[in-house]
Every structure is written in structure tokens, then in C-alpha cells.
Amino acid sequence: MGRRFNGEGSVYKRNDSRRAKKWVAQKTLPDGRRKYSYARTKQEAIELLKTMQAQVREGALPPSSERLTVKQYFTEWLAMKERQLKPSSLRTYRERVENVILPNIGHRQLSKLHPLELEKLYRQQLEKGDSPATVQMLHRIIHRALGDAVRLGYLPANIAKNLTPPRGARSRAERAMLPEEARRLLQAARGDSLEALVVLALTTGMRKGELLALRWRDIDLDNGLLQVSGTLVRIAGDYRIEPPKSASGRRRIPLPQEAVDALRAHRQRQLEERLRAGPAWRELDLVFCRADGYYLNERSVLRWYHELLERAGLPRYRFHDLRHTAATVALANGVSLRETSALLGHSRPSMTLDTYAHAVPGADEKAVRRIAQALMS
């Protein structure tokens, strides 16, 4: 007999021992249909039933899986994730769902979605100009959403589980600057108010958001050390510094003398700006900031960077390509994969290898894969 909850549903165990999720939460909906959710344990099934009961009371339960569309499910799924994701991550999820998933496959019934449709969606986004990393993010979002659909009983299996998004014809790392190009950029930035920003980007491989979140308390100029402790995000028009997404993102970086010198000069210029600003100065302890001490606008930084590229006579490299340049130069000059991975704040060396395998001198694909296996074992 199933366990009853005031006549509002039941929890019972299936007899089929081959199934991983043996427990069933069953709820009769107001229109007479029955909804089922599956779980590995009895307690998990009870929690699923309680969730369904609450959804019925609030009128928020989506239609049955036979009629549920991708648009209906992903809209409800985003609402469910609001309390689970960081604001910056939620913004990325919502942008991908609203601008890519819903316009292309939102009309499809969730239960009839086919893996080939997802493969086509990934190829289509590459052809539109999305980077392989952006398509990988899209895949992770879909995989996570469909995994939750399985857990909630809307799907029997996650069709995205065995898909591998196409990487495209070119790797993002191929946009790394040549060493002589990097030197020309540094020469063009010499004496500029944001010279230290370019110096740090090229010598440490830090991300733009990490650089713009730097505070002077993160830097020890006497000992040549820098602590990455956050990243700058803008949500609903407001700036905030959020902690790194992973433990590896919070890292200590040794500074070369060139970076220390650039930061000392930058500090002196900033002190002069602070005196000129007087009472208008906003004390946020930021290393890179406006003339009044407030956060730098990302668009303003990019506009300045593009003008700098023009002065140096260089093509339109992305700011993120400075990070690629730092990693590629490090690997090409004998810095180990593990050391480079730690410098970049990657969660595992295999991430570094996937992007920068071409930069390991004298190594073919088989050789660098062996390196990864050795590091992972």
C-alpha cells in the first residue's frame, strides 16, 4: 500500500528491481490526470510529493508531460532556479534560455524533443558566430534543465547526456597575440592611465572581471603578490563584487617586477586623481576605477582598449585574448600545465589542456592527452 498524505497523493515502491529510481510519488491533479515523479529513496519521493502538493495549491503545476512544451518547462525551471543560482549565473541562464532555446525549440513538446534537434541547435549557434565556449555553456544549461526534468518525472531520460557540442573549426586560443604584438601593445600603453591593466592582463592571465574587481588590499607590492578574491558583475544597473565561482578561482599570483612597477606608477596617478576629486571621491579601494573612485564601466574599458589596439597598429583582438596570450606564452616557454592551470584559476588542468594543447612545444595530440591522464590519475 502506498503512503497517504491526507488523500492528496501517495508514495510507493515499484517492483521492478532493475530501475535505479524505485520509489514513486503520485499525485492526482485537479483535472483528474495523475502525475508521477520518481526517486531513488523513499524520503526523496516524499519530498517530491510535498512539492507537487504545494504546486497544486498555488496553481503552479505545469501540464502533464504529454502536453508540456519546452517553453513552458524552461520558463518554470528558470523560476525554480532563481533561489539556487548566483545573480550573474542566473542572468547567463536567462539570456541563453530567452534568446536561444525558446525561439528555436520552445514550441516543441518536451517529451518529443530529439537529440538531433539539440545537435542542430549547437551547430546553428556556431554558424551565427557564438564561440565554442558559449555553445558549451548552452549545452550545460540544457543538460542541467533536462536532468531536473527527469528527476521531476517529466522525462524518462536526459537526451542531452551523451551529446558533445561541436567545437567549431577554430579554437579560441588561436586568437592569442604573437609575442611581438604583445610588446607593441605594451609600448602603446606606456604612460597611459590604464597601462597597469594591460600589464596585469598579459603577465597574469587574469580575467577582465577579476581585474576590475581588484582592490588595493588584494595587492602586496613589497612582496610582489596579488590575491584574486572576486569578480566585478553588473546586475540591474548596479555593480557588485562577487566571490569566485570555484575555490580554484580564489588564487594568489606572484607579480613580475614589470607589473609591480606599473602598479606603483598607477597608484601614484590615482592618489593625484583623488586629490583633484576632493569630496567627490568615492572610497571603494579599487585599483582600477573612474576619476571619482567608482567602478569602471566595462564598455568604457573596451572602448579604451580598442583605441589602444589602433594606436599599436594591431587587429581587433578581444580583451579576453590577453588572457589567451599569457597562457600560450607560458606553455610555449616551459611553464608546466599544472602551473599554468593554477595561474589561470582553472578548476582542473584538463580544462587548460583542452584550450591550449597546441601551445605545448613538441607535443602531438596523443602526447598531450597522456600528460592529462598522468595529471588526473
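Analyst: A201, M206, R207, K208, F319, H320, L322 and R323 line the largest cavity. The model is predicted, local features need pLDDT of at least 70, side-chain atom pairs count only at pLDDT 80 or more, and totals for chains, interfaces and linings use all residues. Residues are numbered from 1 along each chain as its sequence is written, and side-chain values use heavy atoms, with hydrogens and water left out.

A cavity is a set of points on a 1 Å grid over the protein atoms alone where a 1.4 Å probe fits but cannot get out; lining residues have an atom within 4 Å of a point. The structure holds one cavity of 30 Å³ or more. The volume of the largest cavity is about 40 Å³; a volume is the space filled by probe spheres set on the points.

Helix α11 (residues 320-332) gives the largest share of the lining, three residues. Helices are DSSP runs (H or I, at least four residues), as are strands (E, at least two). By class, the lining has four nonpolar, one polar and three charged residues. Asp, Glu, Lys and Arg count as charged; Ala, Val, Leu, Ile, Met, Phe, Trp, Tyr, Cys and Pro as nonpolar; the others, Gly among them, as polar.

K208, one of the lining residues, forms a salt bridge with E298, the closest N and O atoms being 2.9 Å apart. K208 lies in helix α8 (residues 208-212) and E298 in helix α10 (residues 298-312), so the pair ties together parts 90 residues apart in sequence. A salt bridge is a side-chain nitrogen of Lys or Arg within 4 Å of a carboxyl oxygen of Asp or Glu.

Methods: 1 Å grid on protein atoms, 1.4 Å probe; cavity = no way out; pocket = protein on both sides within 12 Å on 5 of 7 lines; lining within 4 Å.
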